[in-house]
Amino acid sequence: MIRYIIIEDEESISDFLLSNIKGLRPDWINLKQLTSVKDTVNWLQENNDFDIAFMDIQLNDGISFEVFEQVEVTNMIIFTTAYDKYAIKAFEVNSIDYLLKPITTNRLLKAIEKFEFQHKQKSSEKNDYQNLISLLKKDAVSYRDKFLVQSTTAYYSIFSEQVAYFYIVNKVLNAVTSDKKEHIIDFSMDNLEAELDPTMFFRVNRSTIVNVNFIHKFENYFSGKLIVKLIPPFDTSISVSRSRASDFKIWMGK
């Protein structure tokens, strides 16, 4: 539904525009008829939800270009005036057409059709953009932010960001949290790695994944390996395999 405003200080012209627009586009909605720069500025400061404005250039208290100096207007404008000397200036402020008085119904129709063409293009571009954003959101990878674990009597959740590292022992995957507690996680190591945020977690060897937020430092070890020191410290010695050492250094530097 197209919503429009009329800014015109000559009552006869304002009535002509309102009557003809209703005749040409009966489904359009007239939101407001204004007659001065002051009233237009005041109205636009509170209302910007319209599609097109039919605006006289010379109003009873000044030139309508003064409106654009006081309030931001991004909506489309069709100017009406008895003089053509403002044509260049008009097209600097979102004008899509410039109607010289006396205005005829046929000339008004052409201006409306020009607006409709541009409005359709603008709407199409907006829809294309929204569709692109939707596709990007749809394709965006969502990483696991928490895990459901089971105690002897109940179920509870731990958040990924609380886990200092994951490790496997005797084919059981454990999550060690910042409070040094261990929680059994019902995942394989490969599936777990795929679901964790790679900017936060790194698989340092076949059996261990560490959280970057708990790494204090790392040191060189024999055979090209690295030893990772965590905060708070853990009893288990965590090593980075030689094949992963280079990637680990790059990851730590990001």
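**Figure 1. Lys-101 and Glu-8 are joined by a polar contact of 3.2 Å between their side chains.** Here a polar contact is a pair of N or O atoms within 3.5 Å; within protein, one must be able to donate a hydrogen and the other to accept it, and residues adjacent in sequence count only if both atoms are side-chain atoms. What you're looking at is a predicted model, in which local features need pLDDT of at least 70 and side-chain atom pairs count only at pLDDT 80 or more, while totals for chains, interfaces and linings use all residues. Residues are numbered from 1 along each chain as its sequence is written, and side-chain values use heavy atoms, with hydrogens and water left out. Lys-101 also has a side-chain polar contact with Glu-10, at 3.1 Å. You'll find Lys-101 in the loop between strand E7 and helix H5 (105-139); helices (H or I, at least four residues) and strands (E, at least two) are DSSP runs, numbered from the N terminus. Lys-101 has a relative accessible area of 17%, so Lys-101 counts as buried (under 20%; exposed is over 50%, partly exposed in between, with a 1.4 Å probe and protein chains only). Neighbours within four places in sequence aside, Lys-101 is in contact (heavy atoms within 4.5 Å) with Glu-8, Glu-10, Ile-13, Asp-56, Thr-80, Thr-81 and Ala-82.

**Figure 2. Five strands line up as an open, parallel sheet.** Reading across, the order is E2-E1-E3-E6-E7. Strands E2 (29-34) and E7 (95-100) sit at the edges, each pairing on one side only; two strands pair if DSSP finds at least two bridges between them. On average, neighbouring strands of this sheet are turned by 15° against each other, direction ignored (axes are lines fitted to C-alpha atoms, for helices over the stretch in contact, and angles run from 0 to 180 degrees between N-to-C directions). Look at E3 (residues 52-56) and E6 (residues 76-81): these two run parallel and share five bridges. In one of those spots, Phe-54 has Ile-78 of E6 as its bridge partner.

**Figure 3. Helix H1 lies across strands E1, E2, E3 and E6.** H1 covers residues 11-24 and runs at about 160° to E1 (3-7). Its 14 residues should span 20 Å at 1.5 Å a residue, and the C-alpha atoms at its ends are 20 Å apart, so the two values agree; the expected span is 1.5 Å times one less than the number of residues. Which residues of H1 are buried? They are Ile-13, Ser-14, Leu-17, Leu-18, Asn-20 and Ile-21.

Figure 4. Ser-36 caps the N-terminal end of H2, with a side-chain oxygen 3.1 Å from the backbone nitrogen of Asp-39. Val-37, Thr-40, Val-41, Trp-43 and Leu-44 of H2 are buried. Their cover includes E1, E2, strand E4 (58-59), strand E5 (62-63) and helix H3.

**Figure 5. The largest nonpolar core holds 20 residues.** Such a core is a set of buried Ala, Val, Leu, Ile, Met, Phe, Trp, Tyr and Cys residues joined through side-chain atoms within 4.5 Å. Ile-5, Leu-44, Phe-68, Ile-77 and Phe-79 have the most contacts inside it. Two or more residues each come from E1, H2, E3, H3 (65-70) and E6, and the largest share, four residues, is from H2. Leaving out residues up to four places away in sequence, Ile-5 touches Asn-30, Leu-31, Lys-32, Trp-43, Leu-44, Phe-50, Ile-52, Ala-53 and Phe-54. Apart from this core lies another, of 19 residues, including Met-76, Ile-78, Ile-96 and Leu-99.

**Figure 6. E8 and E9 make a hairpin, with four residues between them.** E8 (residues 146-150) and E9 (residues 155-159) pair in the antiparallel sense over five bridges. Val-149 stands opposite Tyr-156 of E9. Phe-147 and Val-149 make up the covered face of E8, while Lys-146, Leu-148 and Gln-150 are on the uncovered one.

**Figure 7. Stepping back, the chain has seven helices and 17 strands.** Of its 254 residues, 39% are buried. Among contacts between residues at least 6 apart in sequence, 51% join residues at least 24 apart.
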